[in-house]
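Here is a friendly briefing to read with the structure open beside you. Take a moment to turn the model around before you start on the points below.

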Amino acid sequence: MLDALFERRVIFLVGKGGVGKSTVSAMLALALAKRGKRVLLAQMEPSRRLAELLGVDADTAAPVEALPGLFFLTVDGESSLSEYLALVLPIRRLHRLVVTSKLYHHFVAAAPGLKELMTVGKIWYEEQLESGGGRKWDAIVVDAPATGHSLQYLRMPAAAYEAFGQGLVRREAKRVVDLLTDARRTVVCPVTTAEEMPVNETTEIYGQLNGHLGMPLGVLFVNRVHSAPMAPGDVPTAPPGTSSLVEDVLRCAREEAGWTAINRHHLERLRATVPLPTVELPFLFAEEFGLAEVRRLLVHAEGRASRETPAEER
Amino acid sequence: MTLESLVREHRVIICVGSGGVGKTTTAAAVALWGAMQGRRAVVLTIDPARRLADSLGVGALSDDPRPVDPALLAAAGLRARGRLAAMMLDQKNAWDRLVARHAPSDEVRERILRNRFYLSLSQTFAGSHEYMAIEQLCVLMDSDEYDLIVLDTPPTKHALDFFEAPERIRDFLDRRMVRWFVTPYLSSGWTAAKAMNRTVGFLFRKVEEATGVSALAEISDFFSAMSGMFDAFTGRTATIHAILRAHTTAFLLVTGPEEQVLTEAEFFSEKIRTLRMPLKGVVFNRVHEEFPVDPAAFPGATVTRADEPAVERALLEIGTAPETTRWMARNFVDYQVLARGEALRMEQFRAGLPGRTPFVAIPNFDTDLHDLAGLARMHHRLFEAGTTKGTGRHGRPRKDRSP
């Protein structure tokens, strides 16, 4: 299922905060790099999560190679705008004068949507970059901000295109909109967990992406899925006099069975409201969550995990 | 200090933290507890997912606090000696009301409300959500109708957005700044701007090329219409600054034990400290519990992956089917490994906090907590089980990891 995604050059991951967008985007970037592609993993809001996972500095202005073939970049609107102005204002002193002025900062903070436009514009810019006779990046994976926000980002280019008269912004916005809606180059994948609120939001996102935003949709990633082999009611109750160890074992079994039931229920809802091909990623029991865990998730996403994969996988 | 005394001793509790950690649920649970203790409590949420509305069973919330029907509480087996109200902030509406409150005349008000720049600003301006939350907090404080105000904050990744929103909006509406925008259009056009400052003139020209003249004219008109309101805003900012740092205000950090979430939480608490705002408590949601085990059977009193067979043997006494036994043993070990990782991370986080900061861990209930009964289930952990050492869910002492 992932291979169909990997035919597009730009993959956006969107979803509610805390569902694991960063994890899934890192997983896809790893998969692409493993296939020998030169991949850019771009996060649209500064956060330490991804950088820490990859073991790189979060604040670098240029892409850094975190793993062979996998480059990491934090895109933020303000520096993208400054970078963009450097392109249209080639005189360096003038550029510096503008971007260090208080008015400029005021304007950037105030101008509605400019930051968003520039952030998505930066992704477009990276997509176009050429190097050595070909495109600089074989693929770009974008970790978008949390829901309300990410749609705001994706909505902005079209809004700018409609709102602004003939001019630079309109031209830029047009290019970005073209990229966002081009199903040959771009794909958007919602990420969620199978719980009530994330599913509600995912349904909303799906409606908007599929509706007026008209963006090409790919795969739905459902993260942290529990899979106990029994229902909560089928977990035996401890007979009187049972040791506390056995009591605790049963308690954990019940908890896992409970979450499994919740997940199943919401997966069912998702099937009804978000008709996309779905990749389920298991809840991982690990003392620490690092790159090794991301690789384990990839094994599942690629369908290489069998039901019984004890030693190496657990 | 315990979380219980924290809530008793404060009038304003602001729940902060990154998205998806149960901030809204925690805020609602705290307000509900206050109401049950006899307080006149209100919880204010800004989350567009309308989570709080769902959890309180009040459907869509309005801009004004709406009382939660005591019958609803009774139906959930809860008795409130005080009152509980809830409201959800409609950002657009809150801006409109703010303008209406401060506009010097009806004509100015209408001009602002119709301004296209205002229309997008009121919805997209960075920090606008945050500012409106705080603004609403001021309104609730002024009304004197509530003695416990619990504020849920937007799920922002930028801790700073929330704290800096008032200053940012004030700067944005700064009179001196506005002059740059307004003057050229109201007086003599570009030449005036150029004469004042070449950079400004240049930037304006570039901006105009980029955006089209009409957009700038709108912005200019917006500022000139707003200019009568600046003093009101500036006064507000001072009030807000005072409220956020008052001794009756407490910041409650809501987080989870996963390392991705904790990384953000650390950043958050550092920031709160540098801004000298009072971080007075931490709530960890969805924590897995590490159970004490017999050190004779499990060396070091910890369960590791190698212990699966030992757990299986222990399960012989209840005689489950071999397959079930194997799964349950493996699942128990899984949970213990996870719980240990969480406990270590929480301890580490706690070590960086001032000594007596209340610190509560809420277990990973095997059900979604989105209704009143669910909120009440949190109370046991939030307020009664003790806040520093805590006991196991079933009254057994938990393994104590305090240094």
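Two strands pair if DSSP finds at least two bridges between them. Helices (H or I, at least four residues) and strands (E, at least two) are DSSP runs, numbered from the N terminus. You are looking at a predicted model, in which local features need pLDDT of at least 70 and side-chain atom pairs count only at pLDDT 80 or more, while totals for chains, interfaces and linings use all residues. Residues are numbered from 1 along each chain as its sequence is written, and chains are lettered from A and ligands numbered from 1 in the order in which they are written.

**The two chains in outline**

- Chain A has twelve helices and ten strands, while chain B has 18 helices and eight strands.
- A residue is buried if 20 or more other C-beta atoms lie within 10 Å of its own, exposed if 12 or fewer, and partly exposed in between, with C-beta atoms placed from the backbone.
- By that count, 46% of the 314 residues of chain A are buried, and 45% of the 403 residues of chain B are buried.
- Two residues are in contact if their C-beta atoms, placed from the backbone, lie within 7 Å.
- Among contacts with a separation of 6 or more, residues 24 or more positions apart account for 72% in chain A and 74% in chain B.

- The predictor's confidence in each residue is given as pLDDT, from 0 to 100.
- Chain A averages a pLDDT of 84, and 82% of its residues score at least 70.
- Within chain A, confidence is highest in strand 9 (residues 220-225), at a mean of 97, and lowest in helix 6 (residues 102-110), at 59.
- Residues 307-314 of chain A have a pLDDT below 50, and beyond near neighbours in sequence this stretch has three contacts in the model.
- Where pLDDT is low, the predicted coordinates should not be read in detail.

**The sheet of chain A**

- Eight strands of chain A make an open sheet in the order 3-4-2-7-1-8-9-10, with mixed pairing.
- At its edges are strand 3 (64-67) and strand 10 (278-282) of chain A, each of which pairs on one side only.
- Strand 1 (residues 10-15) and strand 7 (residues 139-146) of chain A run parallel and are joined by five bridges.
- V10(A) has I140(A) in strand 7 of chain A as its bridge partner.

**The sheet of chain B**

- Chain B also has an open sheet of eight strands with mixed pairing, in the order 3-4-2-5-1-6-7-8.
- Strand 3 (66-67) and strand 8 (359-363) of chain B are the edge strands with a single partner each, so one side of each is left without a neighbour in the sheet.
- Two bridges pair strand 3 of chain B with strand 4 (residues 83-88) of chain B in the antiparallel sense, and R66(B) stands opposite A86(B) there.
- Strand 5 of chain B runs parallel to strand 1 (residues 12-16) of chain B, with four bridges, and I14(B) stands opposite L151(B).
- Strand 5 of chain B also runs parallel to strand 2 (residues 40-45) of chain B, with four bridges, and V42(B) stands opposite I149(B).

**Nonpolar cores**

- A nonpolar core is a set of buried Ala, Val, Leu, Ile, Met, Phe, Trp, Tyr and Cys residues joined through C-beta atoms within 7 Å.
- The largest core has 99 residues, and those with the most contacts inside it are V249(A), A31(B), V42(B) and V150(B).
- Helix 17 (residues 322-351) of chain B gives this core its largest share, ten residues.
- A second, separate core of 70 residues includes A29(A), V141(A), L180(A) and C189(A).
- Beyond its neighbours within four places in sequence, V42(B) has contacts that include A31(B), P65(B), M87(B) and I149(B).
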